[in-house]
Amino acid sequence: MPPILQTENLTHIYSVGTPFERTAIRAVDFCAQKGEFLGLIGHTGSGKSTLIQHLNGLLRPTSGTVLFDGRDIHESKQETRNVRFQVGLVFQYPEYQLFEETVYRDIAFGPRNMGLDETEIDARVREAAALVGFKEKHLDRSPFALSGGQKRRAAIAGVMAMRPSVLILDEPTAGLDPRGRDEIIHNIRTFRKETDATVIMVTHSMEEIARAVDRVVVMNDGEIAMSGTRNEVFARGEELHGMGLDVPEITRIVMRLRSLGLDLPPDLFTIDQAAKAILSLKGGRD
Amino acid sequence: MLKDITLGQYFPGDTVIHRLDPRTKIVMVGVFLVALFSSGGLIPMLIPALFLAMVIALSKVRVRLLIRNLKPLIIILSFTGFINLFMTPGEPLVSVWIFTVTLEGIERAVVLVTRIVMMIMGTFILTYTTTPMTLTDGIESLMSPLKWLRVPVHELTIIMSMALRFIPALIEETDKIMSAQKARGADFETGNLLKRAKALIPLLIPLFISAIRRAEELAIAMESRCYHGGEGRTRMRQLQFAARDFLTGLVGVLLLVAVFGIRGLLQ
């Protein structure tokens, strides 16, 4: 099966012809398979945000192509517009884009732009609101009266309501407390389960990668440095470190325990896994 | 699209023009404008034109950038040119229907249009080669005599420098919100005037909210660092005239003398 999203030799240069000229991404060949949960990591300025803005046609490549379902997304204006709805993009701090009087109307903004009829819009708003755990009473509130985490979820629901077949999120959990983070990750997983969508998540948190993601793509200096399962990527801890990234804290602890002679498997990335493995060393007692 | 707005933007460089004292540059812009508007005809205008060409060459600012700034003024420029071309009385050259082109008309149109173009280029050179901070430092220093009249010069200039400082930040913010709304299918580019104005609501509301939030945060940050206005405040960077500033001043005097001299000779 061909990948649902693919870039070929994608290069983007900002401010061409001014003293601020800067190559953000260079010859990137990226692909996302249908239905996979992809993690995109890389330090600040590695080109992640630039890459994802190409995937729904917000940025035009300086050179190279972006293919959605095998078709060039810049083939025609109509095609680009369609892709906007097919590839939902949630920006960093999306709560700053809320503008409507009620949460309901804000979530309805995307579906309304798609030109759907009122019953369909209503169905989608309610569906998206349920996906992020909003109740009926939340929908009539002003989005500005919500808490930080709720605002974020309202904004994410606004993109989910378009029922995109690919959902891209740029650091969806940045700046939230642990519970807020858990809720968002949970919402994204629910969305994926219900819609079979492809999810691409940009994150700085190795713990989130370890918990949620099928495959990891690592960007460094505008290029794709690694791509593989989390086991494959985390096994290259040294290299990650060189790019200003790291493996999950628990993996570091496991590594240390292994070097102290404990017989633990090297591919433990979540606290649950590690707890089980360590307990089984002691005969499996809780 | 928004990235093309370069109003008040600084282009880094290390040329003589960049290094000039901001006060010198501001005064020279004034001198240049006086020279430009005092040179009545095409021939006297060659002098400020020569001066401008020299400054552009020295500052290494790309001419293409300067020309790009003229784009929004195309309508005004063509209007000015058009009116003067056809409405100036004098020796008729060609006459079509109610339009009559005169020799004087051609000259006046060319003079006025080049004058506006040069005025804009000259002032843009100032903002291109001077950081907003230095620029407001210069303005504050030039306006400091007004302190005797109890004008709050420092407060005015700090407001100005903050406004300047926030332009790029707000442009960036606008870009971001625009992209975010476009990702939800917002369309800012098609439709009639009413539809386009309506399309701006999803952009303007978040933008205003964020501007107010920023202002509030900035006020708190300033207060927590005990900012209390200009009284007794010292500066990290002291403005100091160097030899090149005096030399520039001399060039300015020469410029004025040349323009008024030629004008006198031609009359």
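**Notebook: a covered helix in chain A and a helix pair in chain B**

I began with what lies over helix H3 of chain A in this predicted model, and I found that its buried residues are covered by, among others, helices H4 (118–131), H5 (136–139) and H6 (148–160) of chain A, together with helix H10 (201–224) of chain B.

I then looked up how much of H3(A), residues 103–113, is covered, and noted that nine of its eleven residues are buried. The buried residues are A:Val103, A:Tyr104, A:Asp106, A:Ile107, A:Ala108, A:Phe109, A:Gly110, A:Pro111 and A:Asn113. Just after the helix, I recorded a positive phi of about 80 degrees at A:Gly115.

My last entry concerns chain B, where the axes of helix H2 (residues 22–38) and helix H7 (residues 132–143) come within 8 Å and cross at roughly 75 degrees. Angles of 65 to 115 degrees count as roughly perpendicular, and I therefore describe H2(B) and H7(B) as roughly perpendicular to each other. From H2(B), the residues B:Pro22, B:Arg23 and B:Ile26 meet residues of H7(B) including B:Leu135, B:Asp137 and B:Leu142. By class, I list five nonpolar, three polar and two charged residues in this contact of H2(B) with H7(B).

Technical notes
Residues are numbered from 1 along each chain as its sequence is written. Chains are lettered from A and ligands numbered from 1 in the order in which they are written. This is a predicted model: local features need pLDDT of at least 70, side-chain atom pairs count only at pLDDT 80 or more; totals for chains, interfaces and linings use all residues. A residue is buried if 20 or more other C-beta atoms lie within 10 Å of its own, exposed if 12 or fewer, and partly exposed in between; C-beta atoms are placed from the backbone. Helices (H or I, at least four residues) and strands (E, at least two) are DSSP runs, numbered from the N terminus. Two residues are in contact if their C-beta atoms, placed from the backbone, lie within 7 Å. Axes are lines fitted to C-alpha atoms, for helices over the stretch in contact, and angles run from 0 to 180 degrees between N-to-C directions. Angles under 35 degrees count as roughly parallel, over 145 as roughly antiparallel, 65 to 115 as roughly perpendicular and the rest as oblique. Ala, Val, Leu, Ile, Met, Phe, Trp, Tyr, Cys and Pro count as nonpolar, Asp, Glu, Lys and Arg as charged, and the others, Gly among them, as polar.
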